[in-house]
There are 4 protein chains.
Amino acid sequence: MSSIFGQAYRIATWGESHGGGVGVMIDGCPAGIPLSEEMIQFELDRRRPGQSEIVTPRKEADVCEILSGTFQGVTLGTSIAILVRNKDARPAAYEEMAVNYRPSHADYTYEAKYGLRNWQGGGRASARETIGRVAAAAVAQQVIKTLCPDLEVLAWVKSIQDLNASVDHSTITKEQIESNIVRTGDTAMVDTMIDRIKEVRGDGNSIGGVVECIVRGCPAGLGAPVFDKLDAELAKAMLSIPATKGFEVGSGFSGTLQTGREHNDAFYMEGDRVRTKTNNSGGIQGGISNGENLIFRVAFKPTATIMSEQDTVNSDKEDSTLKGRGRHDACVLPRAVPMVEAMVNLVLCDHLLRQRGQNGKITFK
Amino acid sequence: MSSIFGQAYRIATWGESHGGGVGVMIDGCPAGIPLSEEMIQFELDRRRPGQSEIVTPRKEADVCEILSGTFQGVTLGTSIAILVRNKDARPAAYEEMAVNYRPSHADYTYEAKYGLRNWQGGGRASARETIGRVAAAAVAQQVIKTLCPDLEVLAWVKSIQDLNASVDHSTITKEQIESNIVRTGDTAMVDTMIDRIKEVRGDGNSIGGVVECIVRGCPAGLGAPVFDKLDAELAKAMLSIPATKGFEVGSGFSGTLQTGREHNDAFYMEGDRVRTKTNNSGGIQGGISNGENLIFRVAFKPTATIMSEQDTVNSDKEDSTLKGRGRHDACVLPRAVPMVEAMVNLVLCDHLLRQRGQNGKITFK
Amino acid sequence: MSSIFGQAYRIATWGESHGGGVGVMIDGCPAGIPLSEEMIQFELDRRRPGQSEIVTPRKEADVCEILSGTFQGVTLGTSIAILVRNKDARPAAYEEMAVNYRPSHADYTYEAKYGLRNWQGGGRASARETIGRVAAAAVAQQVIKTLCPDLEVLAWVKSIQDLNASVDHSTITKEQIESNIVRTGDTAMVDTMIDRIKEVRGDGNSIGGVVECIVRGCPAGLGAPVFDKLDAELAKAMLSIPATKGFEVGSGFSGTLQTGREHNDAFYMEGDRVRTKTNNSGGIQGGISNGENLIFRVAFKPTATIMSEQDTVNSDKEDSTLKGRGRHDACVLPRAVPMVEAMVNLVLCDHLLRQRGQNGKITFK
Amino acid sequence: MSSIFGQAYRIATWGESHGGGVGVMIDGCPAGIPLSEEMIQFELDRRRPGQSEIVTPRKEADVCEILSGTFQGVTLGTSIAILVRNKDARPAAYEEMAVNYRPSHADYTYEAKYGLRNWQGGGRASARETIGRVAAAAVAQQVIKTLCPDLEVLAWVKSIQDLNASVDHSTITKEQIESNIVRTGDTAMVDTMIDRIKEVRGDGNSIGGVVECIVRGCPAGLGAPVFDKLDAELAKAMLSIPATKGFEVGSGFSGTLQTGREHNDAFYMEGDRVRTKTNNSGGIQGGISNGENLIFRVAFKPTATIMSEQDTVNSDKEDSTLKGRGRHDACVLPRAVPMVEAMVNLVLCDHLLRQRGQNGKITFK
């Protein structure tokens, strides 16, 4: 369904940028998992607006409330609901969008689909929608911590427009990434990237880039044959994030330039563990994790809402023009990092429980 | 579930490369749709092995039988089952794989997941698995033809390794693509591409490439907010095809180099129809189709099974070597074209029925 | 999933009797349906505690808030969330249940399943859980009203213990049922039933009974072959209501005493409409509605929580005794009526949308 | 979906009584479960026509073929497909049904839903459809045997019309039930029941009855709160079997005559095991199994197809008459027993895997 995701660990999200609030209901969470509002708040704070000088200045504390599903600090095994109220909504800033469709935004397509739309903010197409995902993923993270204590999900800004970060997958740490407001893994690039974002914003324009993500300590055996391949599930999860335009795993598009002899990841034994010498597979073979790091990249387009006049049409189906107003990110990348991580946690938690359900244990040696 | 796909038009596939056969069950197909084995066979013939000199020589007629769900030439509305028998299985060719894991294939990961595997052929990781999808998609195509007679799905080989096809999206036809065994849209590249495939195969090696796909006549309003965005569904569908490594829609990864001002697709009126001047969105905005052509690309890695000796480990967890045997494609691209189209048809048919169910009609103007 | 119901019209509920609140998220609701909090409140008031002298005196106004999914008085087509806060929770009243399992309640089984439980109130096994369903069903009712204006769902108390109501299915009205606090369709039985409930309550005991339900104006063609037969869906829906022990459709268990010649419903033409002379089928044949009234009955057991001492065991696994405290219904039947109607509305709305999705129209003549 | 059942152990069935065959695809089955065609055939033989003098004389050996999903005698963890060919189809016997709707059968409702129907045999409404379920349940039984070796599902004919069997739940054995062709648990009633069936059949009439079922050794903790209560799942499963009219668990409808004091099942300790003194709950409390025997009953109506002339209408919507032909059971009860058991096995297997997935182990003590 449109706002429901996952099979064994299933979440249902709701909420527009303007209205009572946004939230999520989680079904299938194991019982006895330690959970507090602080744990969830920590992740919400990483995605919230106003967190730094290079993101949207919308002032939202995004304080979460657990409505159900926990008791005395642990999960009950029954459905968990989490709510975040909207506080700093400014519908007046959107009145112009009531008539004019924002180019490359969802205004026109929502109206084409439903015959109407909530023009105050982006409705369900607002990035604010991702709050529900991030909250549910913070819970998923606690489940994963219980089942796979060594599993670590790490995403960073790989590029902003043509500015590329150079990151060593074997040494990069969450601390390094979180140490800068761009959330890039290459500290040498931080100032250049910040300058670029400010420059573009000053020009009433916007830019995009690429987020890279690895998962360390992922057990072998996650994902399922045919349709629910782990990379297929990740691809859907990533393309469901607003503003994404592409996904590639391991060697990705550049792998098409190699021959099989170069591209194949030779196996070898490291003690009693099966390893691969290279990792063009990105940790997934035949749709199932092989115990190596998962590696993938996600393309984010330049933000659609820009502070410049653009040609468009209005809801009376006449040619028109529109100049963005409101508070928007000129570059979504820094805030996209926790969204990417959130979706990875949701996919992995779901597949960990599915694997335990079907095959009884999480890793075969 | 692992071998079940779609919500309103749901398919369930089965079958290994070696065993009784492969097939599919379709649930939710509308009643009264004209359907014959010939319609299905036509698409199966496009994906079958042995169809030309540049694909695997496995001799399989892949003759389909409709087991249920039709009566007097039309669908009954109840579940449809389609079966294709395996004929030219040669388990002996795989005996070496019983002990040695093929690098970058699914041998090791299936064993990690399930504790055992069918080493005769690739099991469910064989490309033979896609027969069920192609058959179900041939049925989906008939449904689409009834609901959207103008909708046309066109995929072609965009590149093989570094050889790029130049294709005009507005004029390319199915006839042009099918006129050559590579299934590229650029007839000037046909011979070069064929030569490359033969050369690589002669060297016991393999190569990959990119398939590009457009959908003409796609109604606005398909796809759903948040998780079932049309591009997210397509991404999952594409990454579920064996050997895929990436997916990008519209401007894709290269769109990250542009600014918002360049990237945004300005709206304008063409008669009473809302159009966009450019199509960096690839026909999808906010996860919902906007009536422009859908455009996306899929990366296929070089075939994992190569006729050269490679380092690997065996099921006793010892270092070993393996040289591929059996009948394999040195380049899957020509046969990937109908697989890509099949998955598009499945996704679109599902979302057409979902849209009709929820909102009562298929296109709002 | 445990707290998710429906396919095309899918709801996800949450909330315990003690905690932040109870609520529901609805996915798949058509756009443009008129919806207000008043419409939902009307149905919540019919199920709320404290509404009359014969139900639990727990004081809950059960005021609902629509958190998302509507705009300017109509549904947006995106997910709708509705929240009802818990106000009159009294955890102290449940302290004894922290150690002693209530006989025939869910205390022991939740602990067996999850290894722990929320002993404050009944957790998810509390009748308070049904608020989410009733709210979602009030929305479903609006959808049905749009699609099938003549469809009417009518449930009433058919029996309380051995006291049987005599009800004429062709003339009974909602006004008659709602005119008395027992919600029976036989006004001659009202006082006798009220007296019985008061008598039993005075004795610290409880009683059950049967709710009967008809649906008038149900289009032919709802329900689906094999597993999602309309009666199978209703059976699941009814047995999911707390305290239910049985479901029968049409002739039900007593139909097993007849021969086929007596039991078969002969068809005849009434104008251009196919009718049946009798309705032992309860309006459903082969799992699909035939246009006659749907008719079924649901058995509710005597309330488990009684104000008398009972033998039980405690969580230390020792024999023990327990005497109920807190505020409970001595007879759930009057409040069960809106719960039964709610589940019918959910099932019918789901199948209306499914039928429209698959077959394009809701009734074939 | 219409022909898909289950969540973790999911089956998809197909096939009409006339056509290529009937079958099932199973998704989510654990790997490494011993499975042979003989195991499946054993259960198919219990449901097949022609097995005794009191069932339909249609001659079908119903030989099954495993098409996929097993290797060297065990399951692979991937999708399993099983096919049974139709052999003794006699479409000519149904020609009259092409125009006349059989009263209380699915002819009219299928046409109302789909606009057409397969009039050769009952289409998907034929009892032949249950072959897929029985085959999938035979596989489920193997999974259950691995996870819960002591679990035993026992169903028998409790009544045929007014003839009631007296059965002791603590001593009844599968051997006793299978020792007679009626499959009743009361050997003293066998001849009387057989005589009644023959008498009614001789009169061109039909009769129904009740199947009772217990499950011994069912672990506590199966089923899930709210919608997927174990009794709700069983209710749906049972009402999905052709010809069923009612379901009751534990005390069922007669429990509505008792007071809470009589009806509640007092807990006591038996060694370290929590037991109940009575079992009015039928082994399920709050929708979750409590470790006692599951007990429920299912009502089957008299067979709709009778060999007597009946009033009906035809597809031209004119009043008409019809006299049944073809080969039919005058009483479905003996063959209903394995169908009931099959659906129980499917539900329990699904919930065992769901419980293992969510909570990691199958029984908490």
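Why is strand E11 (residues 244–249) of chain B largely enclosed by the rest of the structure? Six of the six residues of this strand are buried, so the strand is largely enclosed. The model is predicted. The predictor gives the complex an ipTM of 0.97 and a pTM of 0.98.

**Confidence**
- Chain A has an average pLDDT of 94.
- In chain A, 99% of the residues score at least 70.
- Where pLDDT is low, the predicted coordinates should not be read in detail.

**Strand E11 of chain B and its partners**
- E11(B) pairs with strand E11 (residues 244–249) of chain A. The pairing is antiparallel and runs over three bridges.
- Within that pairing, A:Glu248 has B:Gly246 of E11(B) as its bridge partner.
- E11(B) also pairs with strand E16 (residues 294–300) of chain B. This pairing is antiparallel too, over five bridges.
- In E16(B), B:Arg297 is the residue that stands opposite B:Glu248.
- E11(B) thus has a partner strand in chain A and another in chain B, and six of its six residues are buried.

**How chains A and B are related**

**Contact between chains A and D**
- Chain A puts 14 residues into this contact, and chain D puts in 14 residues.
- On the chain A side that touches chain D, five residues are nonpolar, seven are polar and two are charged.

**Helix H8 of chain B**
- Helix H8 (residues 333–359) of chain B has 27 residues.
- From its first C-alpha to its last, H8(B) reaches 38 Å. That is close to the 39 Å expected at 1.5 Å a residue.
- Is H8(B) mostly covered or mostly uncovered? H8(B) is mostly covered, with 27 of its 27 residues buried.
- B:Gly360 follows H8(B) and has a positive phi, near 85°.

How values were computed:
Residues numbered from 1 in each chain as written. Chains lettered and ligands numbered in written order. Predicted model: local features only at pLDDT ≥ 70, side-chain atom pairs only at ≥ 80, totals over all residues. Buried ≥ 20, exposed ≤ 12 C-beta atoms within 10 Å, placed from the backbone. Helix = DSSP H or I, 4+ residues; strand = E, 2+ residues; numbered from the N terminus. Pairing = 2+ DSSP bridges. Contact = placed C-beta atoms within 7 Å. Nonpolar A, V, L, I, M, F, W, Y, C, P; charged D, E, K, R; others polar. pLDDT = per-residue confidence, 0-100. Expected span 1.5 Å × (residues − 1).
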